[in-house]
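Please read this briefing alongside the sequence and the 3D model shown below.

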Amino acid sequence: MIGNQAQKLEELVASSTSNEVKKSKKTRFVAITSGKGGVGKSTISSNLAYTLSQKGLNVGIFDADIGLANLDVMFNVKIKKNILHVLKGEASVSDILIPITRNLILIPGESGDEILKYADMALFERFMQEAQVLDKLDVMIIDTGAGIGEHIQMFLNAADDVIVVTVPDPAAITDAYATIKTIATLRDDVGMIMNQVKSEKEAVAVFEKIKKVADANINSNLDLELIGKINEDSKVSTAIKQRALFAKEFPSAQSSRDIEAIALKVASKLERNVLVTSNDSGLSGLFKRLMGHF
Ligand SMILES: Nc1ncnc2c1ncn2[C@@H]1O[C@H](COP(=O)(O)OP(=O)(O)OP(=O)(O)O)[C@@H](O)[C@H]1O
Ligand SMILES: [Mg+2]
């Protein structure tokens with residue numbers, strides 16, 4: 001059933017692309033994921049998106065796991081409708097978009113399985129047209145939710161960068177490793193962020209431990225890269241309790257300097273001034289990739 005729908009959508013995407021001549025920015029899709037839940041994905045996604053937007057980049061942040069309290073809480077906004085409502089024809093893309101700052105937009109998502117189930121050809125066509133309002137995005141951060149379900153794999157496949165977040169406790173490390181092992185069957189590059197560490201030294205030590213096990217047991221040329229770390233910092237939980245972003249409220253805190261370093265690394269991978277057709281950028285680009293068009 002889902003396979004059949006996906007194929008129809010692929011055909012549709014292919015046909016809408018061929019008519020498209022308008023040029024848009026090339027969006028870089030960065031998926032933030034984890035093995036264990038509660039390790040800081042939404043905290044990192046929201047603060048990273050904010051920090052990137054403060055650098056003048058146009059940033060979208062896609063909540064792929066909206067059922068649970070996540071990015072809406074981080075940004076202190078109320079979400080009434082999401083991508084699924086658009087696909088069902090109950091809302092337009094611009095109805096669901098939530099502007100956070102001048103160049104940061106929250107896109108309330110849904111799990112991929114649901115998206116495929118409800119996607120109807122005619123609605124999807126309209127959706128692809130409407131989604132072009134987001135074709136100026138330089139980067140889209142995707143908060144995937146924990147675990148490695150089928151729909152999360154779709155996002156991990158579609159992204160340019162996949163970043164696995166973990167904290168340094170043994171259970172989280174084990175789950176992060178299992179996630180990396182699964183991702184290695186989909187792609188050969190995985191980034192990691194060590195969250196809630198005491199120091200750079202601890203972050204590197206935990207990363208090296210995971211890398212050693214991965215090198216010995218994962219049968220591929222896996223390129224595992226430490227993107228950065230974020231210290232355990234009471235300012236982070238204080239900000240969350242206030243439904244605020246630590247990067248905004250406490251810009252000189254260690255955690256904010258840490259996210260700044262991560263943002264610089266992510267930004268260094270962006271290909272500036274590259275133009276593509278609008279169906280390859282923003283939300284349309286993400287959906288096109290989710291349907292298997294690269
Ligand atoms: N660097 C940090 N320092 C202190 N506390 C932190 C830090 N990062 C995260 N936390 C705490 O961890 C909690 C969980 O973070 P968050 O909600 O971002 O995790 P998540 O991975 O998105 O969870 P879920 O899997 O449920 O979506 C936060 O409420 C916050 O209190
Ligand atoms: Mg979350």
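Helices (H or I, at least four residues) and strands (E, at least two) are taken here as DSSP runs, numbered from the N terminus. The model is predicted, and for that reason local features need pLDDT of at least 70 and side-chain atom pairs count only at pLDDT 80 or more, whereas totals for chains, interfaces and linings use all residues. Residues are numbered from 1 along each chain as its sequence is written, and chains are lettered from A and ligands numbered from 1 in the order in which they are written. The protein has 14 helices and ten strands. Of its 294 residues, 48% are buried, a residue being called buried if 20 or more other C-beta atoms lie within 10 Å of its own, exposed if 12 or fewer, and partly exposed in between, with C-beta atoms placed from the backbone. Among contacts between residues at least 6 apart in sequence, 81% join residues at least 24 apart, where a contact requires that the C-beta atoms of the two residues, placed from the backbone, lie within 7 Å.

**The sheet**

- Eight strands form an open sheet with mixed pairing, in the order β4-β5-β3-β6-β2-β7-β8-β9, and two strands count as paired if DSSP finds at least two bridges between them.
- The edge strands of this sheet are β4 (98-101) and β9 (223-231), each of which pairs on one side only.
- From one strand to the next the twist averages 25°; angles run from 0 to 180 degrees between N-to-C directions, and axes are lines fitted to C-alpha atoms, for helices over the stretch in contact.
- In general, strands of a sheet pair through backbone hydrogen bonds, either parallel or antiparallel.

**Strand β2 and its partners**

- Strand β2 (residues 28-34) is mostly covered, since seven of its seven residues are buried.
- R28, V30, I32 and S34 point one way from β2, while F29, A31 and T33 point the other way, and all of these residues are buried.
- Six bridges join β2 to strand β6 (residues 139-146), and the two run parallel; within this pairing V30 has I141 as its bridge partner, and S34 stands opposite A146.
- β2 also pairs with β7 in the parallel sense, over five bridges, with A31 opposite V162 and I32 partnered by I163.

- β7 pairs with strand β8 (residues 189-197) in the parallel sense over four bridges, and M194 in β8 is the bridge partner of T166.
- The chain crosses from β7 through helix α9 (residues 170-183) to β8 in a right-handed β-α-β crossover, a term that applies if, with the strands pointing away from the viewer, the path from the first strand over the helix to the second runs clockwise.

**Helix packing**

- Helix α2 (residues 41-54) and helix α13 (residues 254-268) pack at an angle of about 65°, with their axes 9 Å apart.
- α2 and α13 are therefore roughly perpendicular to each other, on a scale where angles under 35 degrees count as roughly parallel, over 145 as roughly antiparallel, 65 to 115 as roughly perpendicular and the rest as oblique.
- On the α2 side N47, L48, T51 and L52 meet I259, E260, I262, A263, V266 and A267 in α13.
- α9 packs against helix α10 (residues 200-217) at an angle of about 45°, their axes lying 11 Å apart, and the two helices are therefore oblique to each other.
- α9 passes α10 in a right-handed crossing, in which I173, A176, Y177 and I180 of α9 meet V206, I210, V213 and A214 of α10.

**The loop residue I148**

- I148 lies in the loop between β6 and α8 (150-158) and is partly exposed, because 19 other C-beta atoms lie within 10 Å.
- Leaving out residues up to four places away in sequence, I148 touches Q153, T179 and T182.
- The C-alpha atoms of I148 and T179 are separated by 6.6 Å, although the two residues are 31 residues apart along the chain.

Methods
Left-handed = near helix turned anticlockwise from the far one by under 90°.
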